[in-house]
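This report goes through one protein structure, shown below together with its sequence. The text takes up the backbone, the sheet, the salt bridges and the surface in turn.

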Amino acid sequence: MKRIFPLSKVYGLLEPGSVVMVTTTRKGKSNIMTMSWHTMMEFEPPTVGCVISNGNYSFEILKSTKECVINIPTLELAEKAVARGNTSGRRVDKFKALGLTPEPASIVAAPLIAECYANLECRVMDARLVAKYNFFILEVLKAWIDPAIKNPRTIHLRGRGAFMVAGETIKLPSKMK
Ligand SMILES: Cc1cc2nc3c(=O)[nH]c(=O)nc-3n(C[C@H](O)[C@H](O)[C@H](O)COP(=O)(O)O)c2cc1C
């Protein structure tokens, strides 16, 4: 028998992508924000929609600079990604606090996080839904990947401190690219 599930926990059922760390930079000061509410919207150019709360420092920086990097951590970085998940960069230099390494990106001013297995340099391509939903539509301009990591163990938020770790890869006939 199924039971009714609280609406406040639904996000943990539909959680789409992996937990990522969004970096932004303004006036030489860089910040990191943990984010899980994002969705792919187009294949090429890759387009990503994401919700960044207007109370977050990253919201201010992204809105004004229109650039960011989506850094994808694996299990090894999970604690760092989540530990500082609720600390604002207004008060803390999260690169220093987390012991992470900023690396220059090639197109945008925001840095890559060297320790993450993939990094997506992004520019805001549509901000029309920002005022209403805090929803930024980003175009991925350049993507970087660590070829040594064949089966990335990305982390996925289930809600309330629970995370699922990506594991097995299976292959099935599919018309999806
Ligand atoms: C696992 C996890 C996922 C999160 N996902 C989001 C998200 O999708 N959007 C968002 O605005 N904040 C999200 N947050 C909260 C921000 O990371 C948090 O508010 C952070 O302190 C904002 O940092 P900033 O003020 O330096 O930008 C998440 C936090 C955690 C721990």
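K66 is found in the loop between α2 and β5. The model is a predicted one, and in it K66 has a positive phi of about 65° although K66 is not a glycine. With a relative accessibility of 43%, K66 counts as partly exposed, because exposed residues are those over 50% and buried ones those under 20%.

K27 also has a positive phi without being a glycine, here of about 50°. The place of K27 is the loop between β1 and β2. K27 is exposed, its relative accessible area being 84%.

How many strands form the open sheet, and in what order? There are seven strands, in the order β2-β1-β5-β8-β9-β4-β3, and the pairing is antiparallel. The edge strands are β2 (29-35) and β3 (38-42), each of which pairs on one side only. From one strand to the next the twist averages 35°.

Strand β8 covers residues 118-126, and seven of its nine residues are buried, so β8 is largely enclosed by the rest of the structure. Strand β5 (residues 67-72) is joined to β8 by six bridges, and the two run antiparallel. In this pairing N71 stands opposite N119 of β8. Eight bridges join β8 to β9 (residues 135-145), again in an antiparallel arrangement. Here the bridge partner of V124 is L138 in β9.

Strand β9 is also joined to β4, by five bridges, and these two strands run antiparallel. C50 stands opposite F136 in β9.

Helix α2 (residues 57-65) lies across β1 (20-26), β2, β5, β8 and β9. The helix runs at about 60° to β1.

## V48 in strand β4

V48 lies in strand β4, which spans residues 47-51. Is V48 buried or exposed? V48 has a relative accessible area of 4% and is therefore buried, since the limit for buried residues is 20%. Leaving aside neighbours within four places in sequence, V48 is in contact with H38, T39, M40, M41, I70, F136, I137, L138 and V140. The C-alpha atoms of V48 and H156 are separated by 17 Å, and these two residues are 108 residues apart along the chain.

## Salt bridges

A search of the whole structure finds five salt bridges.

| Pair | N to O distance |
|---|---|
| E60 and R26 | 3.4 Å |
| R90 and E60 | 2.9 Å |
| R128 and D126 | 2.6 Å |

Which residues are linked in a network of salt bridges? They are R26, E60 and R90. E60 forms a salt bridge with R26. This pair links distant parts of the chain, with E60 in helix α2 and R26 in strand β1, 34 residues apart. The side chain of E60 also meets that of R90 in a salt bridge. This second pair likewise links distant parts of the chain, R90 being in the loop between α3 (78-83) and α4 (94-98) and E60 in helix α2, 30 residues apart.

In the salt bridge between R128 and D126, R128 is exposed, with a relative accessible area of 71%. D126, at 17% relative accessibility, counts as buried.

## A nonpolar patch

On the surface, F5, L7, V10, L13 and L14 form a nonpolar patch. Together these residues have about 540 Å² of accessible area. One of them, V10, has its place in the segment before α1 (11-14). V10 is partly exposed, with a relative accessible area of 31%.

Definitions and conventions: Residues numbered from 1 in each chain as written. Predicted model: local features only at pLDDT ≥ 70, side-chain atom pairs only at ≥ 80, totals over all residues. Heavy atoms only, no water. Helix = DSSP H or I, 4+ residues; strand = E, 2+ residues; numbered from the N terminus. Buried < 20%, exposed > 50% of the residue type's maximum accessible area, 1.4 Å probe, protein only. Contact = heavy atoms within 4.5 Å. Pairing = 2+ DSSP bridges. Axes fitted to C-alpha atoms, helices over the stretch in contact; angles between N-to-C directions. Patch = residues over 30% accessible without salt bridge, like charges linked within 9 Å, V, L, I, M, F, W, Y side chains within 5 Å. Areas by Shrake-Rupley, 256 points an atom, 1.4 Å probe, with all protein chains shown as cover. Salt bridge = Lys/Arg side-chain N within 4 Å of Asp/Glu carboxyl O.
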